[in-house]
Amino acid sequence: MASPVDVVRALWDAHAAGGIDAMLAAADDGVVWQPHIAHGHVFRGTAELREALDALAAEGIVYEAELHDLEQHGDVVLASGTLRVHRNGTSEESRVHWAYHFREGRLWRQSTYASREDALDALVALRAVAVPLAVDEEPERGGEHVVRIEGELDIATAPKLEAVLLRKRPRDERVILDLADLRFMDSTGLRILLRATAAAKEGRWELYLRNVPDNVRRLFTLSGVLEAVPPDAPPDAPPAAGD
């Protein structure tokens with residue numbers, strides 16, 4: 001398996017050969033991006049970032065980046081370089097530091113900082129507030145099982161949900177996945193939902209969603225799978241305990 005530094009270097013090699021489009025094509029679709037253009041905004045997936053870059057290009061704003069150095073800090077690779085912003089005939093240049101965060105050997109997040117010191121301080125803070133995924137299945141109530149998830153659903157935490165959602169279930173059982181406390185989902189979580197939809201159809205049990213956050217529904221839309229993921233729970237489904 002390639003090291004985190006090798007993965008980041010490969011992304012920058014793709015950038016050098018074909019620009020930002022080539023870099024994004026080489027990255028996983030579920031990567032969370034917080035680039036220089038965002039001014040603090042987070043793009044939940046490559047599709048969202050592409051959309052933002054296309055909108056800026058339509059306004060005559062183009063970004064050009066050059067890599068100078070890579071250094072690894074645990075599960076984070078810090079890249080230092082120069083960013084040039086071309087805007088309607090004018091150009092601005094600044095020093096930028098990109099942090100690439102890895103889980104289980106795979107890139108899951110990229111964030112951008114104005115100084116190396118800011119980047120290192122942020123890495124310490126992010127490690128302190130990392131949100132694990134909690135999966136809880138309530139006992140059967142009126143023929144319904146409610147599976148609640150809380151935290152971030154990504155490549156590192158997805159096996160927890162997979163173990164619960166994809167286990168063999170009796171025919172006609174109704175399962176409602178409550179996403180009220182889900183803070184983030186990447187393409188790995190999306191794939192589990194699609195697999196669970198297929199498993200429910202094959203096993204002849206029912207799977208529904210409840211309290212889908214706006215950012216997750218946007219992921220469904222941008223990924224073109226809105227009609228393929230489990231539907232919202234019908235009105236006759238009893239609410240979960242505490243609702």
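Select strand S5 (residues 90–103) together with S6, which are joined by 7 bridges and run antiparallel; helices (H or I, at least four residues) and strands (E, at least two) are DSSP runs numbered from the N terminus, and two strands count as paired if DSSP finds at least two bridges between them. The model is a predicted one, in which local features need pLDDT of at least 70 and side-chain atom pairs count only at pLDDT 80 or more, while totals for chains, interfaces and linings use all residues. Residues are numbered from 1 along each chain as its sequence is written, and side-chain values use heavy atoms, with hydrogens and water left out.

Stay with this hairpin, in which 2 residues lie between S5 and S6, and pick glutamate 104 in the turn, where phi is positive at about 55 degrees. Histidine 101 has arginine 109 of S6 as its bridge partner.

Now turn to the largest pocket, with a volume of about 440 Å³. Of the 25 residues lining this pocket, His15, Ile20, Ile37, Leu53 and Tyr63 are the closest to its centre. Helix H1 (4–26), helix H2 (46–58), strand S3 (61–73), S5 and S6 each supply at least two residues of the lining, and H2 gives the most, with 6 residues.

A pocket here is an open set of points on a 1 Å grid over the protein atoms alone, where a 1.4 Å probe fits and protein lies on both sides within 12 Å along at least five of seven lines; lining residues have an atom within 4 Å of a point. Grid points are joined across faces, edges and corners, and the volume is the space filled by probe spheres set on the points.

Move on to helix H5 (residues 187–203), whose end C-alpha atoms are 24 Å apart, in agreement with the 24 Å that its 17 residues should span at 1.5 Å a residue, the expected span being 1.5 Å times one less than the number of residues. Among its buried residues are Leu190, Ile192 and Leu193. Just after H5, select arginine 204, which takes a positive phi of about 60 degrees.

Finally, select proline 170, in the loop between H4 and S9, which is partly exposed with a relative accessible area of 49%. Its C-alpha atom is separated by 6.8 Å from that of tryptophan 205, 35 residues apart along the chain.

Note on methods
Buried < 20%, exposed > 50% of the residue type's maximum accessible area, 1.4 Å probe, protein only.
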